[in-house]
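Biologist: I would like to go through this model feature by feature. Please give the general idea each time, then the case at hand.

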Amino acid sequence: MIVTTLGDIIGTERDVRAENNNWVSRRFLLRRDGVGFSLNETTIFAGTETLIWYKNHIEAVYCVGGRGEIEDLTTGTVHPIADGTMYALTGHEKHHLRAFEDMRMICVFNPPLTGAEDHDAEGTYPLMEEDD
Ligand code: 9YT
């Protein structure tokens, strides 16, 4: 059994801040934990817009606080996000994520993140061969 608190993660290598300062991701479960997916709590900061395109991963996101929207760039559809909204990028949809307030998001990735992934210019995470 793995039992962890947010306080255990803050300030460690599992506490990853985007280079563009749009978000911070606290990575509770990573590939090395061996459960087959990764689990993060991400805060998307108010006033930010982030381009994301997970070509190599499926991500499911459950919002537990704050307000924003996701624009599916494959269709142009904009979906509001608030506490209680879930979205799953089942088609690797390229999207814009906009936060009107700080949004707390619980994020699951398959395949699991390995450690320190940050978005590249396209908003993609590489498929890592080795754990960080
Ligand atoms: C919701 C989302 O995709 N935010 C970007 C960060 C990502 N969830 C992560 O690495 O935790």
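Modeller: Start at the segment after β10, where P111 lies; strands here are DSSP runs of E of at least two residues, helices are runs of H or I of at least four, and both are numbered from the N terminus. This is a predicted model, in which local features need pLDDT of at least 70 and side-chain atom pairs count only at pLDDT 80 or more, while totals for chains, interfaces and linings use all residues. Residues are numbered from 1 along each chain as its sequence is written, and side-chain values use heavy atoms, with hydrogens and water left out.

Biologist: What kind of peptide bond joins N110 and P111?

Modeller: The bond is cis, with omega at about -5°.

Biologist: Which loop holds N21, and what is the phi of N21?

Modeller: N21 sits in the loop between β1 (15-17) and β2 (23-29). Its phi is near 65°, a positive value in a residue other than glycine.

Biologist: How is the accessibility of N21 classed?

Modeller: Buried means under 20% relative accessible area, exposed means over 50%, and partly exposed lies in between, using a 1.4 Å probe and protein chains only. N21 has a relative accessible area of 42%, so it is partly exposed.

Biologist: Where is H92, and what is its phi?

Modeller: H92 belongs to the loop between β8 (86-88) and β9. H92 is not a glycine, yet has a positive phi of about 55°. It counts as partly exposed because its relative accessibility is 29%.

Biologist: Which residues touch the most other members of the largest nonpolar core?

Modeller: A nonpolar core is a set of buried Ala, Val, Leu, Ile, Met, Phe, Trp, Tyr and Cys residues joined through side-chain atoms within 4.5 Å. The largest one has 21 residues, and I44, I81, Y87, L97, M103 and M105 touch the most other members. At least two residues of this core come from each of β5 (58-65), β9 (95-99) and β10 (103-110). The largest share, four residues, is supplied by β10.

Biologist: What does M103 touch?

Modeller: Contact means heavy atoms within 4.5 Å. Leaving aside residues up to four places away in sequence, M103 touches T42, T43, I44, G65, G66, R67, G68, I81, L97 and R98.

Biologist: Is T42 buried or exposed?

Modeller: T42 is buried, because its relative accessible area is 7%. It is found in strand β3 (residues 38-44). Not counting residues up to four places away in sequence, T42 touches W23, V24, S25, M103, R104, M105 and C107.
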